[in-house]
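Please work through the exercises below with the sequence and the model side by side, and try each task before reading its solution.

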Amino acid sequence: MREHQHYGPVDRGSALVAAVGVAIIGMMLVAVVVTQAVMVTNDSQRDRVRTTEVHSAEAAVDATLASLRTGAICSRDYTYGTGTTATTVTVSLKYYDDSTELTCASGTLSDTATKAVVTATSTPVNPGIGIQPERIMEATVNLQAIATSIPGAALFSGGTINPGGGYNVSAAADSEAAAVWQDSGDWLCNPNNTSIDGSVFVPNGSATFQSQGCYVTGNVYAKTFIQAQVKAANGGYHIGGNAVAFSGNLVLNNPITIKGNLAVGGTVPLGTVQWKGSSISGTVCSANTTVCPGLEYYTPVGLPEIDYYPAEWTGWTLSNKAGFATQVENAWYPTFTKSWQNTNLASDLGNCTVPANMSDAIVNFPSDKSKTKTVYDMRDCALKIQSHSGNTYFTMNLWADTVLFVKSLDVTNGLVVQSGDGKEHQFAIIVADGGTQNNGVAECTTRSSTGYTPGNISLSSAAITVAPEITIFMYTPCNIGFQNKSTSYGQIYGGTVTVGQTGTEFIYKQVNLPGVALTIDQSSASSGYYVQIASKREMR
């Protein structure tokens, strides 16, 4: 009997197992492929972000360097790009004065910088999977302050300067630079008898040349426009140095002559007869020629607030109206022959009037000819120095530094200030500030707490003559008026300044008195910098 072969269920379902195996293998392959694709996509995304980071970090460095032209920056954040490639760039800066690192707070440096290191770190806005890319760019730059502080002005006006018959400004020493600073309003170079042997700063207005004989040997800075209404004198010039019109145009009714560079934030009148006839010895940059890489920038500072604080006058003898009267009486009483003269003089001095017509005797300050520096608090005095025209002047012989704090000053027929011992001394006439005390603002208004009201300094007739040995400082938050020809060696600071007769001379000598800060500070965050790139590199 033949054996019957029977095929049982041993092979049953093998196809399914094989299918499942194939599927698993397929899924594994898909997973590998997908994972690889994701990895490639992520790597590609990181590469795109990394590339964006490099560009954005460099762009942030460039933008920061451009911003340094208008002021210091402590740190700054930028955002570049959109979507998945957007980056955030954090820029930090370190400033140095040579090798000393400076501090930076709210855009203000502890000193004027000469070098900076700019570091820009770029990171993704939308972090992906894995290690996040980061790119760092660093630039080292040399800095030159565009606007620098000025030790002080020969002539400082918080408002306008009325040129009258013309005035001359110069410096007593070749090593010093004279400056005219008009803090507010438009400055006029007029009339013909005006010469500035130094520089002119108009930080909140324009500068206009209206007369052929008016010129500036140094630089001219104007916040708005510079204008030439007339030609320069034959063989002469308008501006002997550089000219800067920060935000305005060069306006020409006639050709202009500039011995230095011309930098204009606005435009120059290209193609005009006036422009073609102009002479610019240096370079020219403007919005419609070559754009200026950086413009000098000066900000108004306001007339400084000067008040009387006895504690500031350490080492000085503090006196008053009676002490001032004693100096005059000691000099004049011996010259009198009538008793009524003594009486009248005492009465006049008590009423804050110096009757210079009574005696031509020179008054020594101090009367004992000692070296005692003295400050006279005469803020209750509207001081008047009176004499007959063409008769006598009030002459002060200084043997030591002398300061008068007065409510106002009115001089008729002249005041002469000279050295008693032939040595250099300082003399100051200060009308103390009014308004709110110690608020940093000079005010020609009544102080409500005391009722004190500051007044003008008025110099009429022969006005004032100051010997070269004397450095004079005159200050009032109101008006200083030179109605007739005057000569002063020192510094003049007024709320406004009025010049009358032709020939008034303002000869700069730096003043150094307690409580009197005359430096025109432009070296903080308001000062921009010329930037020279020393190196730029990618850190990682």
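Predicted model: local features only at pLDDT ≥ 70, side-chain atom pairs only at ≥ 80, totals over all residues.

Residues are numbered from 1 along each chain as its sequence is written, and side-chain values use heavy atoms, with hydrogens and water left out.

**Exercise 1.** Determine whether strand β32 is enclosed or open, and find its partners.

*Solution.* Start with burial, where buried means under 20% relative accessible area with a 1.4 Å probe, protein chains only; strands are DSSP runs of E with at least two residues, numbered from the N terminus. Because 7 of the 7 residues of β32 (residues 425-431) are buried, the strand is largely enclosed by the rest of the structure.

Then turn to pairing, which requires at least two DSSP bridges between two strands. Strand β30 (residues 402-411) runs parallel to β32 and is joined to it by 5 bridges, with T402 as the bridge partner of F427. Strand β35 (residues 470-482) is also parallel to β32, through 6 bridges, and there I470 stands opposite H425.

**Exercise 2.** Identify which residues touch the most other members of the largest nonpolar core.

*Solution.* A nonpolar core is a set of buried Ala, Val, Leu, Ile, Met, Phe, Trp, Tyr and Cys residues joined through side-chain atoms within 4.5 Å. Among the 111 residues of the largest one, W187, F324, W332, F394 and F473 touch the most other members. The element that gives the most to this core is β35, with 7 residues.

Methods: Buried < 20%, exposed > 50% of the residue type's maximum accessible area, 1.4 Å probe, protein only. Helix = DSSP H or I, 4+ residues; strand = E, 2+ residues; numbered from the N terminus.
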